[in-house]
Amino acid sequence: MTRQLFVNLPVKDVKHSRDFFDRLGFKFQEGFSNEFAICLEVNDNAFIMMLDEKYFSKFTKNPVSDAHTQSEVLNAISVESREAVNEIVDRAVSIGAKEARESQDHGFMYGRSFHDLDGHVWEIYWMDTNSKS
């Protein structure tokens with residue numbers, strides 16, 4: 001059995017979040033998207049559900065955290081090159097994201113991160129899987 005991963009994140013504005021991630025080049029699984037939620041497709045087996053905060057709160061008894069002031073999760077996504085890391089993060093910043101920290105360059109691995117419109121952290125990284133490091 002192939003397992004699938006669905007990460008659920010609260011967002012303030014589903015349409016605004018969809019536009020932001022669409023402009024970054026992500027695709028959406030329409031069968032799991034509606035006015036209360038969007039399903040960002042990372043690959044065939046990994047998805048990020050972005051749920052309207054009120055809808056999200058129906059799935060937990062805990063208060064919904066404010067990712068602008070609290071850390072809840074770090075979403076790390078690999079890409080095919082260093083250039084792709086820079087392209088995605090630079091594009092994210094140009095459409096409203098904030099860079100989360102300095103770039104990390106370990107030779108065999110390079111990454112940058114940004115806070116999306118709701119404050120969630122997205123780590124975009126490239127790793128040389130052939131490296132002996």
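This report walks through the fold, the salt bridges and the aromatic contacts of the protein shown above.

The model is predicted: local features need pLDDT of at least 70, side-chain atom pairs count only at pLDDT 80 or more, and totals for chains, interfaces and linings use all residues. Residues are numbered from 1 along each chain as its sequence is written, and side-chain values use heavy atoms, with hydrogens and water left out.

**Overall fold**

Let us start with the architecture. The protein has three helices and nine strands, where helices (H or I, at least four residues) and strands (E, at least two) are DSSP runs numbered from the N terminus. Read from the N terminus, the order of the elements is β-α-β-β-β-α-β-α-β-β-β-β.

The C-alpha trace spans about 45 × 40 × 25 Å along its principal axes.

Of the contacts with a separation of 6 or more, 52% join residues 24 or more positions apart, a contact being heavy atoms within 4.5 Å. The accessible surface comes to about 8400 Å², and carbon and sulfur atoms hold 48% of this area; the areas come from the Shrake-Rupley method with a 1.4 Å probe. Buried residues make up 36% of the 133 residues. Here buried means under 20% relative accessible area, exposed over 50%, and partly exposed in between (1.4 Å probe, protein chains only).

**Salt bridges**

Side chains of opposite charge can pair when their charged atoms come close. The structure holds eight salt bridges, each a side-chain nitrogen of Lys or Arg within 4 Å of a carboxyl oxygen of Asp or Glu.

| Pair | N to O distance |
|---|---|
| Arg-23 and Asp-19 | 3.8 Å |
| Glu-99 and Arg-112 | 2.9 Å |
| Glu-123 and Arg-101 | 3.1 Å |

Arg-23 and Asp-19 share helix α1 (residues 14–23), four residues apart, or about one turn of the helix. Arg-23 is partly exposed at 45% relative accessible area, and Asp-19 is also partly exposed, at 37%.

The salt bridge between Glu-99 and Arg-112 links distant parts of the chain: Glu-99 lies in strand β6 (residues 98–99) and Arg-112 in strand β8 (residues 109–115), 13 residues apart. Glu-99 is partly exposed at 38%, whereas Arg-112 is buried at 9%. Asp-90 joins Glu-99 and Arg-112 in a network of salt bridges.

Glu-123 is buried at 16%, while Arg-101 is partly exposed at 41%.

**Aromatic contacts**

Rings of Phe, Tyr and Trp (its six-membered ring) pair if their centres lie within 6.5 Å; planes under 30 degrees apart count as stacked, over 60 as edge-to-face and the rest as tilted. By this rule there are eight aromatic pairs. One of them is the edge-to-face pair of Phe-20 and Phe-21, at 4.9 Å centre to centre and 80° between the planes.
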